[in-house]
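Subject: Structure for your review

Hello,

Here is the structure I said I would pass on. My notes on the ligand site and on one helix follow below it.

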Amino acid sequence: MNIVELEYEGRSQRVVRIDDHASGARGYIVVDSTTLGPAMGGCRFWHYESDDAALIDAQRLARGMSLKNAMADLPLGGGKSVLQMPTGDFDRTAVLTAFGHAVNVFAGDYLTAEDVGTGENDMRVVRSASPFVLGLPVDSGKAGGNPSPWTALGVFNAIRALAERSGRDLSTSTIAVQGLGQVGFALCEMLKEAGASLIVADVNQTRMEMAEARGWKISEVRDIHRASADVFAPCALGGALNATTIAELGAPIVVGAANNQLATAEDAQRLLDRHILYAPDYVVNAGGVISVAAEYFIEDEAEVRARVGAISSRIVAIVEQAETEGVSPALVADRMALARIAEAETAPGYRTARAS
Ligand code: NAI
């Protein structure tokens, strides 16, 4: 396996293609930036229509991780990996072991963890082949383990901050949640605890039954974005906000965990045109990577809690700046994150440090 350089939206990325016939492992690892530190980003195990679709997703997600890590003030760059879900029976351990060997090609410049389709047990398997794995079970009090509850907490804090800023109280608000996976479900439980009403949808029948058992209001998957609510929380896969769904959105505020919620860059403007407040995804969903980073730096849970707690003031500052300028919060966030990376690149000693 070799590292190749590929151009993605104006910047070069380092890419390894995984194509292991013995296990059936196919996919890509993309390192977008190591300017601020090793490239951190999880491993997605999902169905893709083609190798090209998998590569584009990995490239886009890796770029998003660079912005997310910079914005969360972490000394980490951005990367991501995607594995194609094999068709038919397959040996999951063999696929994840092959993936671990591919991670090693970057010799520590890429650090992996769980993402959509992978969990703590999978990371244990990857760990048997590579030391560059996080999101593993840790001793109590130490940071680490499954990052999803931290992601959910950051999103919850952001929802509460933006709802309150618009004069809403969570206890009398309705939140429409798309996707009841590891993050979405935990988020719903926090919202419920705060007294909010929920409308939820998931393509997975088991998750829907779990929601129904808790008395949460259920929506058809195709209608959840239309639900009349105070906040729409996309917590499934990317692209929830596109020309069609934005025109139909039933909530004035969008805050959710999903990565890459905007299908295209123009969708940020579409939301602005409809006076819908959009909280940039990578700012509010940074709780998971904050936890994973703390595991890497062997920190305590208290430090994770403090950093996740800072997400709400960060998102409010971005929204205020965007309102002052009359632009989308997505634009303000991108500008701030890119400026942080550019500043580090031009800092005295950066190139010397990188070369050593
Ligand atoms: P997950 O795989 O546990 O959950 C995703 C859920 O969405 C599943 O229950 C799935 O059935 C559902 N889903 C898929 N397509 C759907 C659709 N069209 N409509 C409704 N539901 C649908 O994933 P997880 O970990 O909960 O992540 C959710 C999102 O948050 C992803 O976009 C992920 O990239 C992002 N994220 C997750 C983090 C984490 O700590 N787990 C960290 C940062 C972002």
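A polar contact here is a pair of N or O atoms within 3.5 Å. Please keep in mind that this is a predicted model.

For Asn259, the distance between a polar side-chain atom and an oxygen of the ligand is 2.9 Å. Of the ligand's own 830 Å² of accessible area, the protein covers 86%.

On location, the ligand sits in the largest pocket. There are 24 residues around the ligand, and those that come nearest are Arg44, Thr151, Asp202, Ala236 and Asn259. By type, the shell consists of 11 nonpolar, 9 polar and 4 charged residues.

Which domains does the shell draw on? Domain 1 (2-127) and domain 2 (148-325) each contribute at least three residues to the shell around the ligand. Two helices also take part, with at least two shell residues each from helix H4 (148-165) and helix H5 (182-193).

The other item is helix H6, which spans residues 205-213. At the start of H6, a side-chain oxygen of Asn204 comes to within 2.8 Å of the backbone nitrogen of Thr206. At the other end, just after H6, Gly215 has a positive phi of about 80°.

Regards

Note on methods
Residues are numbered from 1 along each chain as its sequence is written. This is a predicted model: local features need pLDDT of at least 70, side-chain atom pairs count only at pLDDT 80 or more; totals for chains, interfaces and linings use all residues. Side-chain values use heavy atoms; hydrogens and water are left out. A residue is near a molecule or strand if one of its heavy atoms lies within 4 Å of it. A polar contact is a pair of N or O atoms within 3.5 Å; within protein, one must be able to donate a hydrogen and the other to accept it, and residues adjacent in sequence count only if both atoms are side-chain atoms. Accessible areas come from the Shrake-Rupley method with a 1.4 Å probe; for residues, only the protein chains shown count as cover. On a 1 Å grid over the protein atoms alone, a cavity is a set of points where a 1.4 Å probe fits but cannot get out, and a pocket is an open set with protein on both sides within 12 Å along at least five of seven lines; lining residues have an atom within 4 Å of a point. A molecule sits in a cavity or pocket if more than half of its atoms lie within 2 Å of its grid points. Helices (H or I, at least four residues) and strands (E, at least two) are DSSP runs, numbered from the N terminus. Ala, Val, Leu, Ile, Met, Phe, Trp, Tyr, Cys and Pro count as nonpolar, Asp, Glu, Lys and Arg as charged, and the others, Gly among them, as polar. Domain bounds come from an automatic or database domain assignment.
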